[in-house]
Amino acid sequence: MSTADHRKRGRPRNFNPAKAGSIQALDRGLALLRLISEADGLTLTDLAQRSGLAPSTVHRLLFTLEAHRFAMHDEERGLWLIGVDAFKTGMTFLRNRRLAGMGREVMRQLMEQTGETINLGIEDNGEVVFISQIESHNTLRAFFRAGSRSLMHASGVGKALLAGLPEARVKQILYAKGLQRFTDKTRVDPAELFAELTESRERGWAIDDEERTPGMRCIAAPIYNELGETIAAVSISGPTVRLTTQRLGEFGPLVMRAADQITSSIGGVLPQRA
């Protein structure tokens, strides 16, 4: 077997850590981590293509990330994955928010009550990020991997979050992200979306009625911090055959009650309601 055969896949032939840059390297390294986190493993070639960086540059960055355990290399498959210290760092964020842990039991109870998948999400850079999930026991069910992202205008969680934001911030998000049409029910008219957000705010929960995925519905309610600001939302998601329009009215108060329980558990303040 040749030396090339022995060389580990996805590794540089010659690597000198001293050649690594500083701020630019950090920016590029974080971009690579983001790409890795969005997939179930990527080869060095994949990362070079998706990042637009030269393979040699990607080599150096991955070596540094691996040295700090922020990335790890699966030798057998030749794939780069998120490392244990990246996971620990992410968990620190969740601990600071106290949402994932404090809300888990409430979410589990809500899943048992409704039989549907329960999600917890936050806003990050104008998008929804799902940080926790309790899956339904049903074979046909909604699924969002922790860390996955979604545009806010076509998401129950997203609209529950938007409804709690200042109008100027909502407009900023919509301008930056656009109103992409996913189905024939997606809200793509800003005026219609703002009217729905007002309704959601007054009612106490938001609805995604097949606006992101045909055949799937979602009901979500906001969670508040100690200042009464919306910082997250919890949702019930499931197929339309079970989440009928009648059940939307039944489940709305349940998801709002669950959101209020999570708010109380983290020391949040509920808004005054009519």
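**Close-up 1. N125 in the loop between β3 and β4 of the predicted model.** N125 sits in the loop that links these two strands. The phi of N125 is positive, about 55°, although N125 is not a glycine. Most residues other than glycine have a negative phi. N125 is exposed, because its relative accessible area of 57% is over the 50% cut-off.

**Close-up 2. E210 in the loop between β6 and β7.** E210 also has a positive phi, about 60°, and is not a glycine. Is E210 buried or exposed? E210 counts as buried, because its relative accessibility of 17% is under the 20% cut-off. E210 is one of the residues that T240 touches.

**Close-up 3. T240 and its contacts.** T240 lies in the loop between β8 and α10, a helix that spans residues 245–265. T240 touches E210, G215, M216 and R217, leaving aside residues up to four places away in sequence. In sequence, T240 and G215 are 25 residues apart. In space, the C-alpha to C-alpha distance between T240 and G215 is 5.3 Å.

**Close-up 4. The open sheet of 6 strands.** The strand order is β5-β4-β3-β8-β7-β6, and the pairing is antiparallel. The edge strands are β5 (149–151) and β6 (206–209), each of which pairs on one side only. From one strand to the next, the twist averages 30°.

**Close-up 5. Strands β3 and β8 as an antiparallel pair.** Strand β3 covers residues 117–124, and strand β8 covers residues 230–239. The two strands pair over 5 bridges. L120 stands opposite V234 in β8.

**Close-up 6. Helix α6 on the sheet.** Helix α6 (residues 99–114) packs on the sheet. Helix α6 touches β3, β4 (127–134), β7 (216–224) and β8. The direction of α6 makes about 65° with that of β4.

**Close-up 7. The largest cavity and its lining.** The structure holds 1 cavity of 30 Å³ or more. About 30 Å³ of space lies in the largest cavity. Which residues line the largest cavity? The lining is made by G126, L151, M152, H153, I173, L174, K177 and G178. Helix α8 (residues 167–177) gives the largest share of this lining, 3 residues. By class, the lining has 4 nonpolar, 3 polar and 1 charged residues.

Notes:
Residues are numbered from 1 along each chain as its sequence is written. This is a predicted model: local features need pLDDT of at least 70, side-chain atom pairs count only at pLDDT 80 or more; totals for chains, interfaces and linings use all residues. Side-chain values use heavy atoms; hydrogens and water are left out. On a 1 Å grid over the protein atoms alone, a cavity is a set of points where a 1.4 Å probe fits but cannot get out, and a pocket is an open set with protein on both sides within 12 Å along at least five of seven lines; lining residues have an atom within 4 Å of a point. Grid points are joined across faces, edges and corners, and a volume is the space filled by probe spheres set on the points. Helices (H or I, at least four residues) and strands (E, at least two) are DSSP runs, numbered from the N terminus. Ala, Val, Leu, Ile, Met, Phe, Trp, Tyr, Cys and Pro count as nonpolar, Asp, Glu, Lys and Arg as charged, and the others, Gly among them, as polar. Two strands pair if DSSP finds at least two bridges between them. Axes are lines fitted to C-alpha atoms, for helices over the stretch in contact, and angles run from 0 to 180 degrees between N-to-C directions. Contact means heavy atoms within 4.5 Å. Buried means under 20% relative accessible area, exposed over 50%, partly exposed in between (1.4 Å probe, protein chains only).
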